[in-house]
Amino acid sequence: MKSSADPQAHYRPKPKWYSRFIPKRIKQRWGRWLNKRIPPNKLVTLTHKSIFILPSGFGLAWFVLIGVLYLFGTNYQNNLVIGLSLLLASVLHTCIIYSYKNLAGLTLTSQVPPETHANQNMAFPVSLSSKINKNNSHTSHQQICLNFAEQRHIRLTEVGESTHATIAFSPQARGEFNPGRIQVSSNFPLGLFRAWSYVDLDINHIIYAEPLNTQVSLTSLDDDNTSEFDHGKLQPGVDDYKGLKTYVEGESLKQVAWKQWAQGRGMLTKEFAQPEGKPVWLSLDDTQGTNIEQKLSKLAWQVNALSQSQQIFGLALHQDVIEQDSGEAHRKQCQQLIALFVKSKFAKPKHSHSKNSKSNDRGADEI
Amino acid sequence: MRFKKSAPQTTSSNDSFNDDFNENISRNTLFWLLLTNVLVLSPLYQDATLWSIGICAICFVWRVGIYLGKVAAPPKLLVTSLAIGAAATLALVAKEIGMLNALVNLLLLGYALKYIEMRQIRDVKVVVLVGYFLIAFALLERQGMLDAVHLLFVCVINACVLISVYQHSSKKVNLSFGFKVFLQSLPLALLLFVVFPRLPPLWLAPSMKNATTGISDEISLGDISKLTRSPSLAFRVGFDNEVNNTTKQQLIANEQLYWRALVMESYDGQTWKQANLRKNEQRSAYGNRSQRHDSQVVDKSSALNYQVITEPTYQKWLFGLDQSFSETEQVVELADLRLFSLRNIDQRFSYRVTSFPNSSLEEQLPPLTKRINLSLPKDTNPKAHALAQQFATDYPIPRDRIAAMMRYFNQQSFYYTLSPPAIGSNQVDDFLFENQAGFCSHYASALVFMARSSGIPARMVAGYQGGEYNPKAGYYSVYQYMAHAWTEVWLEGLGWVRFDPTAMIAPDRILDGFDAMFTGEDSYLQDSPFTSLRVKEIPWLNDIRLQLASLDFYWSVWVLGFDEERQLQVLSELLGEVNTSKIIILMIISFSIIALVIAYYAGVFNLSPKQDPIIKRYNLICNKLANKGYQRETMPPQAFATFIHQAVHQEQPQLAADFDKMTEHFIALQYQPLSDKQIEQHQTLFKRYFRKVKMGL
């Protein structure tokens with residue numbers, strides 16, 4: 001069992017070769033039909049309604065073998081060879097039932113996916129369970145393969161009472177993201193048939209903007225005028241700055257030198273003549289960057305950095321403002337705002353917009 | 001109820017999605033492959049050339065090495081060059097060893113080489129498919145009942161290779177699942193076997209090249225005595241009108257069982273051969289399947305219908321009584337009144353025959369046939385020739401003359417022996433006047449010679465005489481040692497008439513069969529110490545032998561010889577009048593019944609686990625208590641028992657006590673680790689208190 005050599009390596013989705021011969025209209029119609037037949041749900045149990053079974057490539061080879069053996073038996077007028085070919089044909093029939101049995105009753109439940117940012121490999125956790133009779137070892141679910149359309153798969157050699165799996169998805173752009181339907185498939189028992197199903201676990205995931213390492217640049221806020229932004233940058237310690245000293249536990253986190261921390265020089269405290277810090281704002285307009293995505297990435301990094309130091313900060317993306325606060329919930333709120341920031345209000349960035357919108361409605365065009 | 005919680009194993013692959021072809025082969029699969037390799041190849045050892053066996057053995061040993069982790073997989077270049085070398089060598093020797101043997105060897109080598117260079121699951125699948133093909137090859141030559149069971153077992157093991165790819169369990173689980181799948185497939189296979197149409201051969205496929213067995217198309221005088229040393233089965237015959245015979249008596253006398261196989265019309269002084277005319281007829285039989293017409297047959301009332309199941313002879317001639325006809329595909333009726341197969345009998349072959357023993361054979365003799373059957377080598381056997389002339393003058397009527405010749409054998413001091421003294425170049429003279437000792441072919445040869453030289457058309461017929469009747473199944477077994485030669489003489493108005501001079505010297509041989517004349521030890525048992533025919537003298541062992549033989553006979557008739565006619569017979573017994581729609585309905589119904597049964601055993605209908613009977617009983621009591629107003633809700637059993645105890649022990653102290661006890665055993669069964677014996681004890685007590693509580697409520 002080889003494990004992924006480089007976890008950061010980007011997986012390039014491989015569309016099926018026949019995928020481009022299928023007209024888009026048919027794909028859409030197929031998607032609608034699937035939505036009706038197997039509606040999206042957080043918990044899906046596979047039944048005869050949702051299981052498809054067709055011969056695999058090897059199954060077709062098996063058919064050819066049966067045909068050849070029948071011809072062989074006929075030409076040599078050998079009833080035993082004919083019998084062998086018919087026995088192998090009956091095995092096909094038996095395998096259909098076992099293929100069905102192997103998926104039927106399998107229940108998939110979606111779990112909350114871990115936080116991911118853009119251009120990062122994603123993993124969606126799913127828990128599988130079965131209502132099987134444990135006294136019979138043949139009745140558990142064998143060799144279950146899980147994957148999103150055109151994505152890397154994960155194979156479970158056996159699904160017992162309760163099994164957890166994470167299904168990979170290749171990196172996507174920031175924003176709201178629905179990975180679409182999970183293909184649950186199995187070639188058990190002889191690999192002659194592939195039984196599969198498309199399960200939509202109604203996963204709605206928000207991909208945060210990719211954090212871009214930068215320095216914290218905070219905008220100060222006038223004490224008297226809270227409703228407006230102060231565009232003048234706070235030059236930390238220009239007047240009162242005395243120097244840096246090693247951080248001692250218990251000291252206010254507001255005085256930690258985040259720039260130096262970010263550079264990996266450890267926790268240092270800025271010594272101010274007047275050590276009273278002011279609440280600070282992160283503002284899109286004041287972030288330096290070549291384009292909007294870069295700016296958002298820098299903001300995302302700063303949000304993480306400030307949250308980690310439990311500093312109070314607010315976020316302003318043009319009109320969208322999150323009041324000053326600290327903590328994990330605040331960080332998530334800020335990251336979501338950044339992730340969902342609609343770019344069309346401003347100059348359209350060329351590279352990622354189309355990609356993002358595509359991934360949002362991908363549920364419909366899976367085959 | 002104790003469950004083992006197995007830690008789920010997961011694998012994810014990087015570079016492939018949604019297939020398993022790039023995954024490494026598991027150790028379990030490797031084990032099954034090792035086993036399959038031996039099982040698939042071993043039945044074919046007879047057909048493999050020595051060096052194919054060698055290469056297979058090397059590949060196997062290498063694989064064992066890989067399995068044990070001692071050696072690495074061979075380099076691809078080595079395997080490729082070996083494969084090309086082997087294929088080229090096979091192509092060169094294909095002519096020599098026969099096309100089919102070459103094909104088998106090619107497959108064997110391909111199997112072995114693919115086997116050794118296997119890296120991916122895809123390769124494993126190819127090996128499995130080729131394995132089934134090799135099993136089919138093995139079935140061509142091995143058709144006994146035990147062989148079939150053995151090869152069915154090999155089929156299951158071959159499938160276990162695939163199962164181990166998809167089922168990560170122990171080998172035992174793999175094996176039992178494999179058997180389950182195959183046994184559940186058998187009923188449908190059986191049904192398909194009965195219903196599926198049987199087609200005639202679509203083209204002439206090459207056959208196995210093997211040493212021929214049985215009588216050959218040339219008889220030197222000593223040949224048949226070699227066959228009398230052989231205890232192996234030649235063919236078996238089941239007569240239609242005897243199968244249902246309840247008396248289990250042999251109905252056809254031994255002296256009537258002259259199984260004609262070959263007609264020898266050409267004599268060069270040393271050996272008897274088929275005439276070129278007959279050989280040409282045989283050769284052109286495939287293109288020109290002219291069947292004989294039974295218009296010649298006058299007396300149709302005495303028709304005998306029977307089925308012959310012949311063992312492989314690697315020859316083409318078949319066996320029939322007197323003038324025989326056959327409707328079986330691939331069997332043609334030749335002008336010399338014999339049956340002939342279009343292809344080599346390289347496997348057990350069954351055909352149906354109709355014979356007319358009372359009809360005359362060929363009343364009008366074509367001039368060419370007449371000439372052939374009168375010709376003799378010039379200037380040989382002068383004494384025999386003179387004797388024949390003497391007969392001709394004494395008996396001008398051919399019929400009388402032949403009868404006199406027959407009597408001659410009786411009157412003179414001839415004796416019958418399987419090991420006659422050597423004879424010189426004038427075979428007939430030496431036999432008739434010097435040795436006066438010989439066996440069937442000597443006598444037949446002498447009679448034909450004398451008949452021909454006195455101007456009567458005559459010929460030698462080779463085949464088998466007699467048959468061992470099996471009263472268990474009502475059929476005749478003809479063994480190689482029953483090989484025989486006799487004469488046919490053509491008489492005006494009668495056609496070819498059979499004369500067997502052996503009957504004059506050794507009438508027991510003809511009337512009661514070979515065994516009455518000779519003991520087995522002197523003939524067919526001499527060279528074969530381990531044949532089952534040895535037990536003939538011991539009644540109860542002979543009984544078992546006949547029982548087993550009849551089982552094998554039924555197998556041959558109903559499985560190996562299951563042809564269109566039998567198919568129709570079975571189907572009409574099942575369905576009455578057979579038509580397509582009835583068959584389709586039969587198929588649909590049986591398909592669904594079989595599918596339902598398999599689905600039931602596979603556990604499709606059993607998705608919700610059966611509730612534990614203990615829990616079921618406990619819940620039943622809880623429901624009854626709830627009806628009385630004592631709700632359990634989320635109380636644990638212990639707390640509920642206390643609650644009930646307090647509630648009812650005033651009015652029904654017995655019930656309260658019983659329920660306490662019942663709860664105690666319930667908790668023990670559910671939550672305590674117990675030995676099997678303890679479980680049993682608790683269960684008994686739990687059930688006892690359950691009944692009491694139920695009564696109390």
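Two residues are in contact if their C-beta atoms, placed from the backbone, lie within 7 Å, and pLDDT is the predictor's confidence in each residue, on a scale from 0 to 100. This is a predicted model, in which local features need pLDDT of at least 70 and side-chain atom pairs count only at pLDDT 80 or more, while totals for chains, interfaces and linings use all residues. Residues are numbered from 1 along each chain as its sequence is written, and chains are lettered from A and ligands numbered from 1 in the order in which they are written. The model scores ipTM 0.76 and pTM 0.75.

**Confidence in chain A**

- Chain A averages a pLDDT of 77, and 77% of its residues score at least 70.
- Over residues 347-367 of chain A the pLDDT stays under 50, and the model has 38 contacts for this stretch beyond four places in sequence.
- Residues 222-239 of chain A also have pLDDT under 50, with 18 contacts beyond four places in sequence.

**Domains of chain A**

- Chain A is divided into domain 1 (17-204) and domain 2 (219-354), with bounds that come from an automatic or database domain assignment.
- In chain A, 5 residues of domain 1 are in contact with 4 residues of domain 2.

**Chain B as a whole**

- Chain B averages a pLDDT of 82, and 90% of its residues score at least 70, although over residues 1-22 of chain B the pLDDT is below 50.
- Chain B has 25 helices and 19 strands, and 38% of its 697 residues count as buried, a term that requires 20 or more other C-beta atoms within 10 Å of the residue's own, with C-beta atoms placed from the backbone.
- Of the contacts in chain B between residues at least 6 apart in sequence, 71% join residues at least 24 apart.

**Helix α24 of chain B**

- The 19 residues of helix α24 (residues 653-671) of chain B should span 27 Å at 1.5 Å a residue, which agrees with the 27 Å between its end C-alpha atoms, because the expected span is 1.5 Å times one less than the number of residues.
- Buried residues of α24(B) include A656(B), F659(B), M662(B), F666(B) and L669(B).
- The buried residues of α24(B) pack against α22 (613-627), α23 (637-648) and α25 (676-696) of chain B.

How values were computed. Helix = DSSP H or I, 4+ residues; strand = E, 2+ residues; numbered from the N terminus. Buried ≥ 20, exposed ≤ 12 C-beta atoms within 10 Å, placed from the backbone.
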